[in-house]
Amino acid sequence: MRSGLLRAAAPLLGLVALLGSARAEDRPGLKDLPSLKDLPSLGGERLAGVDVDVRPLLALGGGVPALALREDLLAALKAEFADRLGGRGPVLLVRIKGLSINPYAGGDGGRGRLGGGTQSDYLDGEALLIGRRGEVLARHPQLSAVPSSSGGAWYDPASERRRVTAIAQHYAGWLRRALPQD
């Protein structure tokens, strides 16, 4: 019973540790920036572009998954913001600080549990609106979580790659909702 409780609490404890160690609000100067929701109207100005920075992941040894994430997230952002690109407005830069693709072996559910296992994959980052002179106009920290089963059958060799794509699309979709419409 006790080992089952500890096993069930382990993902939550890991997430709490991740969030506690990576709080951008504690970095000097950034906590005073407006969030994307508090950003004054862009006056209908279109974004000059989108970009993804995975250097923090690469510095932690993220390697190939970090590069795959950059490719997938950039494609997802371009698709989500296609109608808002091509202007002289700010650049939307997404800086990724953490990617957790948890081991998944088909769920740890059991009788009486709806939906099976509770494993999730996490993507932690922040969106920055960068002005024409390189100044940060606003920031929006965001943590996305999707089920570890999002890549399909766990035994399929392509599953982990599809999981990276799924979490990138989820992140971009929620970021679109966070950015003011005008």
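Is Glu80 buried, exposed or partly exposed? Glu80 is partly exposed, at a relative accessible area of 31%. Buried means under 20%, exposed over 50%, and partly exposed in between, using a 1.4 Å probe and protein chains only.

This is a predicted model, in which local features need pLDDT of at least 70, side-chain atom pairs count only at pLDDT 80 or more, and totals for chains, interfaces and linings use all residues. Residues are numbered from 1 along each chain as its sequence is written, and side-chain values use heavy atoms, with hydrogens and water left out.

**View 1. The whole chain.** The chain has four helices and four strands. Their order from the N terminus is α-β-α-α-β-β-β-α. Helices (H or I, at least four residues) and strands (E, at least two) are DSSP runs, numbered from the N terminus. Of the 182 residues, 37% are buried. The accessible surface is about 10300 Å², and carbon and sulfur atoms hold 57% of that. Areas come from the Shrake-Rupley method with a 1.4 Å probe; for residues, only the protein chains shown count as cover.

**View 2. Glu80 and its contacts.** Glu80 belongs to helix H3 (residues 63–80). Beyond its neighbours within four places in sequence, Glu80 contacts Ala172, Gly173 and Arg176. Contact means heavy atoms within 4.5 Å. Glu80 and Ala172 are 92 residues apart along the chain, yet their C-alpha atoms are separated by 6.6 Å.

**View 3. Asp53 in strand S1.** Asp53 lies in strand S1 (residues 49–53). Asp53 is buried, at 8% relative accessibility. Its side chain makes a polar contact of 3.2 Å with the side chain of Arg95. A polar contact is a pair of N or O atoms within 3.5 Å; within protein, one must be able to donate a hydrogen and the other to accept it, and residues adjacent in sequence count only if both atoms are side-chain atoms. Leaving out residues up to four places away in sequence, Asp53 touches Leu93, Val94, Arg95 and Ile96.

**View 4. Strand pairing around S2.** S1 and strand S2 (residues 91–100) run parallel, joined by five bridges. Strands pair if DSSP finds at least two bridges between them. Arg95 in S2 is the bridge partner of Asp53. S2 also pairs with strand S3 (residues 120–130), antiparallel, over nine bridges. There, Val94 has Ala127 in S3 as its bridge partner.

**View 5. Arg177 over Trp174.** The charged end of Arg177 sits over the Trp174 ring, 4.6 Å from the ring centre. This requires NZ of Lys or CZ of Arg within 6 Å of the ring centre and within 35 degrees of the ring normal.
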